[in-house]
Amino acid sequence: MHIYSGGFLGLVTSASLMAKMVIAILFVFSIASWTIMLMKLKQFNRVEREGARFLAAARETNSFGKLLSTYRDSPDNPFYKLLLVTYKEISAKQKDNPKLEPETLPLIENVLRITISEESETLERQMSFLATTANTAPFIGLFGTVWGIMDSFREIGVRGTTSLAVVAPGISEALIATAIGLATAIPAVLAYNYFNSRHKRLVAKMENASMYLLNILEK
């Protein structure tokens with residue numbers, strides 16, 4: 001028998017075991033999603049700042065050596081990695097011939113493309129969980145809804161009455177499962193679209209950075 005003590009917590013504590021399991025699963029999804037959102041926000045803000053700084057430095061110089069000496073950053077910075085792989089490729093080619101040959105540029109371009117692809121994959125990491133949460137949380141909540149309705153019908157059958165006191169607890173479980181499912185899914189889908197848009201802008205900035213590097217090397 002369901003004993004409703006009022007309020008949100010009252011609804012949760014008076015819910016059946018199955019409803020509590022559904023709520024617990026949604027709670028885990030919600031906590032994980034918010035953790036990823038905060039991590040991604042911090043990561044994307046940092047990379048965006050680094051990108052703006054790198055592009056400003058690349059615009060102001062016409063020498064790869066000057067850019068290398070003025071732009072210093074952590075190895076985790078995707079823009080610094082572009083600079084680093086270019087430097088390594090040039091150093092490897094200049095072992096045999098100190099002069100940078102024109103045919104070296106396509107090789108550097110390929111290395112830059114590979115690096116951008118790898119860094120894009122790193123930035124996208126864990127975003128799939130937000131998409132999974134956005135897609136599955138409403139269905140998990142719906143499962144709780146269906147279960148609550150089934151429980152309501154079972155109570156009606158057992159007690160032989162359709163009074164509100166018998167039906168209401170099951171309906172409450174159904175509604176709270178749906179509400180929590182939506183409360184979990186909506187921030188996740190908004191965050192996924194937001195970070196997906198920022199991810200595309202960062203990849204475009206990395207492509208611009210690689211073009212700046214190639215232009216500087218061609219001079």
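Author: The questions and answers that follow concern a predicted model.

Reader: How many salt bridges are there in this model, and what distance separates N from O in the one between Glu50 and Arg46?

Author: A salt bridge requires a side-chain nitrogen of Lys or Arg within 4 Å of a carboxyl oxygen of Asp or Glu. By this rule the model has four salt bridges. In the one that joins the side chains of Glu50 and Arg46, the distance from N to O is 3.3 Å.

Reader: In which helix do Glu50 and Arg46 lie, and is each of them buried or partly exposed?

Author: Glu50 has a relative accessibility of 8% and therefore counts as buried, because the limit for that class is under 20%. Arg46 has a relative accessible area of 30%, so Arg46 is partly exposed.

Reader: Which residue forms a salt bridge with Lys81, and which parts does the pair tie together?

Author: The partner of Lys81 is Glu119, with the closest N and O atoms 3.1 Å apart. Lys81 belongs to helix H4 (residues 78–93) and Glu119 to helix H5 (residues 104–124), so this pair ties together parts that lie 38 residues apart in sequence. Thus the parts tied together lie in H4 and H5.

Reader: Are Lys81 and Glu119 buried or partly exposed?

Author: Glu119 has a relative accessible area of 6%, so this residue is buried. Lys81 reaches 27% relative accessibility and therefore counts as partly exposed.

Reader: Which residue forms a salt bridge with Arg113, and how many residues apart are the two?

Author: Arg113 is bridged to Glu109, and their closest N and O atoms are 3.1 Å apart. Arg113, with a relative accessible area of 53%, is exposed, whereas Glu109, at 30% relative accessibility, counts as partly exposed. Both lie in helix H5, about one turn of the helix from each other, which is a separation of four residues.

Reader: At what angle do H2 and H5 pack, and how far apart are their axes?

Author: Two packed helices are described by the angle between their axes and by the distance between those axes. For H2 and H5 the angle is about 145°, and the axes are 10 Å apart.

Reader: Which residues of H2 and H5 meet, and how many of them are nonpolar, polar and charged?

Author: From H2, the residues Lys40, Gln43, Phe44 and Val47 meet Thr122, Leu123 and Glu124 of H5. The residues of this contact divide into three nonpolar, two polar and two charged.

Reader: Where is Gln126 found, and what is the value of its phi?

Author: Gln126 is found in the loop between H5 and H6 and, at 36% relative accessibility, counts as partly exposed. Most residues other than glycine have a negative phi. Gln126 is not glycine, yet its phi is positive, near 75°.

Reader: Is Thr145 buried or exposed, and with which residues is Thr145 in contact beyond its neighbours within four places in sequence?

Author: Thr145 is placed in helix H6 (residues 127–159). Its relative accessibility is 13%, so Thr145 counts as buried. Leaving aside neighbours within four places in sequence, its contacts are Ala174, Ala177 and Thr178.

Reader: Which residues form a nonpolar patch on the surface, and what is their accessible area together?

Author: The patch consists of Phe139, Leu142, Phe143, Val146, Trp147 and Met150. One of these, Val146, is in helix H6 and, at 41% relative accessibility, counts as partly exposed. Together the residues of the patch have an accessible area of about 600 Å².

Definitions and conventions: Residues are numbered from 1 along each chain as its sequence is written. This is a predicted model: local features need pLDDT of at least 70, side-chain atom pairs count only at pLDDT 80 or more; totals for chains, interfaces and linings use all residues. Side-chain values use heavy atoms; hydrogens and water are left out. Buried means under 20% relative accessible area, exposed over 50%, partly exposed in between (1.4 Å probe, protein chains only). Contact means heavy atoms within 4.5 Å. Patches are made of residues with over 30% relative accessible area and no salt bridge: like charges are joined within 9 Å, nonpolar side chains (Val, Leu, Ile, Met, Phe, Trp, Tyr) within 5 Å. Accessible areas come from the Shrake-Rupley method with a 1.4 Å probe; for residues, only the protein chains shown count as cover. Axes are lines fitted to C-alpha atoms, for helices over the stretch in contact, and angles run from 0 to 180 degrees between N-to-C directions. Ala, Val, Leu, Ile, Met, Phe, Trp, Tyr, Cys and Pro count as nonpolar, Asp, Glu, Lys and Arg as charged, and the others, Gly among them, as polar.
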